[in-house]
Amino acid sequence: MKNNTNLSGNTSNNYYFLPIASLIFSVAMFLLVGRAVANNAVLRSVFSCQAQGLGGLIPTINVWYQQGTNLSFIPAGEVIKKVWLNDPSQVTMDFDGPVCMQFGQDPNTSGGDCKNSTANVIQLRRIKKLDIPGLPPTSNTLLTVVTEAQGKNKLYTFRVIYGKDNPEYHTLAIFPDPSGQEGACARVSQ
């Protein structure tokens, strides 16, 4: 019985262990959850000047088989006026409103209402490669978008990358250029 009477001495050592163990567990959970959220990001965003390539880097957008990828000009307040896709053999496009599209190299082969376009979002979806005569096999393609906001046009070109793994994001949002932040779109040497 004498061994049982000294229980208070043993609990004082355990009293400090419990808060430390809780703190370590909380930090570990925070780091794991933060990493999981970062790996499952649903939105990727860039400033308009970056998306136009004015910083010297070619903007990219990935498309996957599992889901579509949205290219949204809503945050920038821009309306899509015209779109070209150099290689339509592996990507489909859809829009949230009427838009003018060009088919082939001839500017007279446009489709859609080119004067009354109202689309703000392009939805890209990867498809199984179609055999289109004359198109060489490529590992990516170029998407060209002309937008308008407040009577001014902007030209965007995106390298479309064909993703094979799980999707990393579902929307690339274009935001207005930052005001008062010099260097946000400074030219970067490649």
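This is a predicted model: local features need pLDDT of at least 70, side-chain atom pairs count only at pLDDT 80 or more; totals for chains, interfaces and linings use all residues.

Q: What share of the 190 residues in the chain is buried?

A: Buried residues account for 31% of the chain.

Q: How many helices and strands does the chain have, and in which order do they run?

A: There are two helices and eleven strands. Read from the N terminus, the order is α-β-α-β-β-β-β-β-β-β-β-β-β.

Q: How is a pair of aromatic rings read, and how are the rings of W64 and Y169 placed?

A: Ring planes over 60 degrees apart count as edge-to-face. By the rule for ring pairs, the count here is three aromatic pairs. In the pair of W64 and Y169, the planes stand at 85 degrees and the ring centres are 5.3 Å apart, so this pair is edge-to-face. W64 belongs to the loop between strand 2 and strand 3 (69-72), and Y169 to the loop between strand 10 and strand 11; the pair therefore ties together parts that are 105 residues apart in sequence. Elsewhere, F73, Y156 and F158 form one aromatic cluster.

Q: What does F158 touch beyond its neighbours in sequence?

A: Setting aside residues up to four places away in sequence, F158 touches A51, P59, I61, L71, F73, T141, L142, L143, V145, L172 and I174.

Q: Is T69 buried or exposed, and where is T69 found?

A: T69 is found in strand 3. Its relative accessibility is 0%, so T69 counts as buried. A polar atom of the T69 side chain lies 2.8 Å from the backbone oxygen of N62. Apart from neighbours within four places in sequence, the residues in contact with T69 include I61, V63, W64, I122, L124, Y169 and H170.

Q: How is a sheet read, and in what order do the five strands of the open sheet stand?

A: Strands count as paired when at least two bridges are found between them. In this open sheet the order is 1-11-3-8-5, with mixed pairing. Strand 1 (43-47) and strand 5 are the edge strands, each of which pairs on one side only. On average, neighbouring strands of the sheet are turned by 20 degrees against each other, direction ignored. Within the sheet, strand 3 and strand 11 run parallel and are joined by three bridges. N70 stands opposite T171 in strand 11.

Q: Where is Q150 found, and what is its phi near?

A: Q150 is found in the loop between strand 9 and strand 10. Its phi is near 55 degrees, a positive value in a residue other than glycine. With a relative accessible area of 84%, Q150 is exposed.

Q: What part of the contacts between residues at least 6 apart joins residues at least 24 apart?

A: Among those contacts in the chain, the figure is 72%.

Methods: Residues are numbered from 1 along each chain as its sequence is written. Side-chain values use heavy atoms; hydrogens and water are left out. Contact means heavy atoms within 4.5 Å. Rings of Phe, Tyr and Trp (its six-membered ring) pair if their centres lie within 6.5 Å; planes under 30 degrees apart count as stacked, over 60 as edge-to-face and the rest as tilted. Helices (H or I, at least four residues) and strands (E, at least two) are DSSP runs, numbered from the N terminus. Buried means under 20% relative accessible area, exposed over 50%, partly exposed in between (1.4 Å probe, protein chains only). A polar contact is a pair of N or O atoms within 3.5 Å; within protein, one must be able to donate a hydrogen and the other to accept it, and residues adjacent in sequence count only if both atoms are side-chain atoms. Axes are lines fitted to C-alpha atoms, for helices over the stretch in contact, and angles run from 0 to 180 degrees between N-to-C directions.
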